[in-house]
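Subject: Handover of a structure and findings

Dear colleague,

My notes on what was found in it follow directly after.

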Amino acid sequence: MPEALIRPELVQLGAAPADKTAAIRQAGQLLVAAGCIAPAYVQSLLAREQTANTYLGSGVAIPHGQIADRHLIERTGIAVLQVPGGVEWNAGQRATLIFAIAAQSDEHLALLRRLTRLLQDEATLQKLACTADAGDILRALELPAAPAAAADAAAQAPAADYAQGFDWRMPYPNGLHARPAQQWVETARRFAASVRVRNGQEAGDAKNLMALLQLGIAHGQTLHVSAQGDDAAAALAALQGVMNRLTAAEEAEAEKARQAKAQAASRSAWQPAGQPPSLQGISASPGLAIGTLRVRRAANIAVPDRPAPLAEGADALDEALAATRAELLQLAQDTAARIGKAEGGIFRAQAELLGDTGLIAQACQRMAQGHGAAWSWHEAVQAAAGQLASVGSPLLAARAADLRDAGLRVLRKLAPELDVPGGQEQGGENLVIAAADLTPSDTAALDLRQVAGLCTAQGGPSSHTAIIARTLGLPAVVAAGGALLDVPDGQTVVLDGDGARLYWGLDEADLQSARQWRDAQQARAREIARLALQPAATQDGVRVEVAANVNRPEQVPAALAAGAEGVGLMRTEFLYLERDSAPGEDEQCETYCGMVRELAGRPLIIRTLDIGGDKQVPYLNLPHEENPFLGIRGSRLMLRRPDLLEPQLRAIYRAAKTGPLSIMFPMITSLAELRELRAECERIRQQLNAPAVPIGIMVEVPAAAVMAGQLALHADFFSIGTNDLTQYVLAIDRQHPELAREADTLHPAVLRMIQRTVQGAQAATQAGRPCWVGVCGGLAGDPLGAAILTGLGVRELSMSQRDIAPVKAALRACDSALLAELAQLALDSADADSVRALAARLQAPRQVKR
Ligand code: PEP
Ligand code: MG
């Protein structure tokens, strides 16, 4: 049963502490006695008073410990010390009700809001200050229940780590920044268990973004992640899985930045013939921009303090926070569709920052002291951001920028009449924007028809702003220094993203040479993009279809622009995740029709629900599995759950009436499964009078690979899921932290399974039952993997969109004889490392025809 935040044993009536310190100690002791905190946290409560005033007003004080000491909290609780005679808190302030807060996460926010409202109600507060019935206090606060996580955390001897846990070395090149941290938080929150991440002496709650970010986890540091509660083991496994899975994306991001830098360094930068004035910065995004300088001067936002009744202010803040959170989530979605998923994640993380307890408490506190909501909020944000920035860590400084950015959005809502900077440029085109710094919101909101480049006085090449600029293809230079803001507005400038320099005051000859340089660069870039749009064919004309793994209709245009010729894998799980009930037939149909519409006749393979294994959906109430990857997942589940299978197939067949698509079943192990699913498809197709569509299976289980010859007689295509096939062939959990390195898809054993699958399909095809073979697992997106797969006879490859151009380029550089030779060498290799070494042959000029 969940516990309340304030329980009778946490309330002490009629206390008479000698002074504030004694009062805090007494309240702290209540928390210690109730098993909420380690004794050392009392010191933290006292320490906080040195840096913050926790007196809310009207006799109420809310001492709370320092964020860095959160690891000393065993479970969330709030102690109430009633001091009828009052105790001096600060000069002129007497506290009669002291609420000592020990919060692991944001469970007590509701209580804080309730408290700030109560402050308006002097009569009730006076009654509570001298009541002899603790129940009065409990009732007045209408206490919310603590989440199960807090309740389940057994009150055991305080320790920095929980009993179960694992060590993990941070592999992300840029350390833990907001986007991956946000995903850790989301994963941890799916479980009731308390989860803690410790970096050296400091620990933080894995369910609290700020707490995680404040650990300042840098690349190479070893963390200890521990958990406590009924589902602690599952929480740790899921978290470890996510932590590991994000590594590839983080490395790719860092690699992109590195490449941009290397590109910039290797490309000879444009050189003016004259000696125009210039400023040197750091390259954040390559390219040459020529345009009119538009200097954005930081508006000194003076937020007027307009006191209002406390309840009104608290409501206004509440509404502004809720509206901003919704706005940021929408922006995250739009940015993900327009720019990229990772970039969208920046705003999801910002939404999370707005929920930080300390921040809201600080704002509430100022309001309680009689200040207006907008003023209080702005001050609280500035103080929190200032604190982050002052630590001296670039990581935390970047988070300060995110906090200020999100804070300004809230401020715009609280004080719409203020001219809060941000938003789009007013008029003009071909602008080079110069600013002290740009927020991610500013950058994501830029209208590319107006803006040609960005230059900032501050910032770093790994800031979110730089990431967005790179993705948008906008030349950008950061850290150009304060003198940037003295460059006269309206000048024609040249911004060299490669050489990291801003020039102004150029003569016509230099401007002309810059234009020629830029045009040549753009022509080169267009050529690369054009090649990505060309079909992939080997030099002797063997054609391989290159498709993208795309889940949502709004992501299709970007995939097509990146060179995808269709969608080879639409994972439908996303429709079921992060919600409380299964999507209905109509909702699904709308999404599938959206995919068909966006693809406009190009191929689309819809994979039916693949839940189970590492993907869990709480509302489906699936039975606990000892070995989830070997249990009821994918098609095994669908065959047992007609309530899931039928609506999905109906939705797919309804969409099939609007355009071409294929159905693919995951995790097929036997012919019986395939037959039964086909029969079900046919029944539904007839019911709906829908067209027949190709029906294929994923080959992910060794049994399917070995039996491919039989299965091919009943399947229109195979798509090999190399991610799962590898884990099942090598018997290595795809999420296993220690063995992940050995779960190498290029292992010859996996390649032999693929060969067997292709041979099975070819035999059926020759026998008059055509069955083609594609690959939609990670191996398809690796240029060497794609080359070997093509050599093995695979003719369709589906991958994430960023892999399309390099894979097409790799295939185009080879002829089919070389690929077949490569495949044979790979099959004959002793291990994955030997296969990997074959990459050198791809580049060997002797074998590659140009
Ligand atoms: C695979 O297993 O290779 C695959 C593409 O499916 P998923 O990663 O969704 O399990
Ligand atoms: Mg799979």
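Two terms are needed at the outset: contact means heavy atoms within 4.5 Å, and helices (H or I, at least four residues) and strands (E, at least two) are DSSP runs, numbered from the N terminus. This is a predicted model, in which local features need pLDDT of at least 70 and side-chain atom pairs count only at pLDDT 80 or more, while totals for chains, interfaces and linings use all residues. Residues are numbered from 1 along each chain as its sequence is written, chains are lettered from A and ligands numbered from 1 in the order in which they are written, and side-chain values use heavy atoms, with hydrogens and water left out.

Overall composition

The protein chain holds 31 helices and 26 strands. Of its 850 residues, 55% are buried (buried means under 20% relative accessible area, exposed over 50%, and partly exposed in between, with a 1.4 Å probe and protein chains only). Among contacts in the protein chain with a separation of 6 or more, 71% are between residues 24 or more positions apart.

Helix packing

Two packed helices are described by the angle between their axes and the distance between the axes. The axes are lines fitted to C-alpha atoms, for helices over the stretch in contact, and the angles run from 0 to 180 degrees between N-to-C directions. A crossing is left-handed if the near helix is turned anticlockwise from the far one by less than a right angle, and right-handed if clockwise. In the counts by class, Ala, Val, Leu, Ile, Met, Phe, Trp, Tyr, Cys and Pro are nonpolar, Asp, Glu, Lys and Arg are charged, and the others, Gly among them, are polar.

Helix α26 (residues 748-766) and helix α27 (residues 783-792) have axes that come within 10 Å and cross at roughly 35°, and the crossing is right-handed. On the α26 side, Leu751, Ile754, Gln755 and Val758 meet Ile788, Leu789 and Leu792 of α27. This contact has six nonpolar residues, one polar and no charged ones.

Helix α26 also packs with α25, at an angle of about 115° and with the axes 9 Å apart. That crossing is right-handed as well. From α25 the contact draws on Thr722, Leu725, Thr726, Val729 and Leu730, and from α26 on Ala749, Val750, Met753 and Ile754. By class, seven of these residues are nonpolar, two are polar and none is charged.

Helix α19 (residues 585-599) and helix α21 (residues 642-656) pack at about 35°, their axes being 8 Å apart, in a right-handed crossing. Among the residues making this contact are Tyr592 and Cys593 of α19 and Arg650 and Ile652 of α21. The contact divides into eight nonpolar, two polar and four charged residues.

Glu700 is in the loop between β23 (695-699) and α23 (702-706), whereas Asp724 is in helix α25 (residues 722-730), so the pair ties together parts 24 residues apart in sequence. Glu700 is buried, at 2% relative accessibility, and Asp724 is buried at 3%.

Individual residues

Thr608 sits in the loop between β21 (604-607) and α20 and is buried at 0% relative accessible area. Leaving out residues up to four places away in sequence, Thr608 touches several residues, including Gln648 and Ile652, as well as Phe665 and Pro666. Ser635, in helix α20 (residues 635-640), is likewise buried at 0%. Beyond its neighbours within four places in sequence, Ser635 contacts Phe665, Pro666, Met667, Ile668 and Leu677.

Ala558, in helix α18 (residues 556-561), is partly exposed at 30%.

Cysteines

A search of the whole structure found zero disulfides, a disulfide being a pair of cysteine sulfur atoms within 2.5 Å. Cys455 is buried at 0% relative accessibility, and Cys771 is buried at 6%.

With kind regards
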